[in-house]
Amino acid sequence: VTDTAGIMTYEERQSLEEAAQAVSEKHGFGVYLITVDNFRNFTDSYDVFDGATTLYNKYNLGLGEEHKGVLLLLSMNDRDFSLVTYSDYGNYVFDEATREGMTSYFLDNFQYDEWYAGFNDYISSCDMVLADGPDKLSSEINALVGMIFLFPLIIAAIVIAILSRKMKSVFKATEAEAYAGGGLDITRSYDQF
């Protein structure tokens with residue numbers, strides 16, 4: 001937890017630091033929080049996401065070789081924020097829908113300048129998302145395996161449907177004259193006794 005904007009007390013920052021560290025160690029995935037006066041002091045871009053990415057790289061954040069982690073950057077000058085994740089697993093677990101859900105969970109505090117409560121909600125939501133991550137991955141793997149077995153059955157059903165359509169004329173015609181079009185024309189007749 002880095003509070004260069006100075007919006008938290010020392011005790012609040014320490015409490016959040018301990019919570020973020022506990023979540024990071026529990027899941028092996030870094031949870032970070034940075035407040036700045038203006039993100040443009042760190043990037044030439046006008047996009048707060050670029051500022052968050054720049055700070056993530058500048059401070060060499062993340063755990064392991066993949067630098068697995070999630071960062072919430074809050075820029076006070078324009079009251080803008082960005083939530084960025086690193087690593088394939090991080091991008092999978094913190095997908096767009098998850099990030100939107102997390103944002104609605106902690107942003108309501110920010111509108112009333114309740115920074116500590118919002119940051120606490122951010123860290124606890126990271127803990128919940130990371131706790132569900134293996135289950136989310138497992139359920140999607142199971143769905144994929146199910147689709148692998150279901151796909152041949154679907155193909156077989158389509159083939160059977162196509163073949164049975166072609167065979168409908170066999171079921172409709174039970175009399176021989178249905179196959180003789182235009183009437184029967186006998187050219188020879190034999191009577192044998």
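This is a predicted model: local features need pLDDT of at least 70, side-chain atom pairs count only at pLDDT 80 or more; totals for chains, interfaces and linings use all residues.
Two strands are taken to pair if DSSP finds at least two bridges between them.

Asp3 has Thr35 as its bridge partner in β2. Here the chain crosses from β1 through α1 to β2, and this β-α-β crossover is left-handed.

The burial of β2 was examined next. Seven of the seven residues of β2 are buried, so the strand is largely enclosed by the rest of the structure. Both of its faces are covered. On one side lie Gly30, Tyr32, Ile34 and Val36, and on the other Val31, Leu33 and Thr35.

Nonpolar packing follows. In soluble globular proteins, nonpolar side chains tend to be buried together. The largest nonpolar core in the model holds 26 residues. The members that touch the most other members are Val31, Val70, Leu72, Phe94, Met102, Phe119 and Tyr122. At least two residues of this core come from each of α1 (10–27), β2 (30–36), β3 (69–75), α4 (96–110) and α5 (115–166). Helix α5 gives the largest share, seven residues. A second, separate core has 12 residues, among them Val48, Leu55, Leu61 and Leu73.

Ser125 is found in helix α5. Its relative accessibility is 3%, so Ser125 counts as buried. With residues up to four places away in sequence not counted, Ser125 touches Met102 and Tyr105.

Aromatic contacts were then considered. A pair of aromatic rings is described by the distance of the centres and the angle of the planes. With ring centres required to lie within 6.5 Å, the count comes to nine aromatic pairs. One of them, Tyr32 with Tyr56, is edge-to-face, at 6.1 Å centre to centre and 90° between the planes. This pair links distant parts of the chain. Tyr32 belongs to strand β2 and Tyr56 to helix α2, 24 residues apart. Both partners fall under the 20% limit for burial. Tyr32 has 18% relative accessibility and therefore counts as buried. Tyr56 is buried at a relative accessible area of 1%.

Phe106 and Phe110 form a tilted pair, with 5.6 Å centre to centre and 55° between the planes. Both residues lie in helix α4, four residues apart, or about one turn of the helix. Phe106 and Phe110 are each buried. Ring pairs also link Phe106 and Phe110 into a cluster with Phe81, Trp115, Phe119 and Tyr122. Phe119 and Tyr122 of this cluster are also among the core members with the most contacts to other members.

Strand β4, residues 80–86, includes Asp80. Asp80 is partly exposed, with a relative accessible area of 29%. Its neighbours within four places in sequence left aside, Asp80 is in contact with Val48, Leu73, Leu74 and Ser75. Of these contacts, Val48 and Leu73 are members of the second core. The C-alpha atom of Asp80 is separated by 8.9 Å from that of Phe39, 41 residues apart along the chain.

Backbone geometry was examined at two loop positions. Asn60 lies in the loop between α2 and β3. Asn60 has a positive phi of about 50°, although it is not a glycine. With a relative accessible area of 53%, Asn60 is exposed. Asp113 lies in the loop between α4 and α5. Phi of Asp113 is near 60°, again a positive value in a residue other than glycine. At 42% relative accessibility, Asp113 counts as partly exposed.

Technical notes:
Residues are numbered from 1 along each chain as its sequence is written. Side-chain values use heavy atoms; hydrogens and water are left out. A nonpolar core is a set of buried Ala, Val, Leu, Ile, Met, Phe, Trp, Tyr and Cys residues joined through side-chain atoms within 4.5 Å. Buried means under 20% relative accessible area, exposed over 50%, partly exposed in between (1.4 Å probe, protein chains only). A crossover is right-handed if, with the strands pointing away from the viewer, the path from the first strand over the helix to the second runs clockwise. Rings of Phe, Tyr and Trp (its six-membered ring) pair if their centres lie within 6.5 Å; planes under 30 degrees apart count as stacked, over 60 as edge-to-face and the rest as tilted. Contact means heavy atoms within 4.5 Å.
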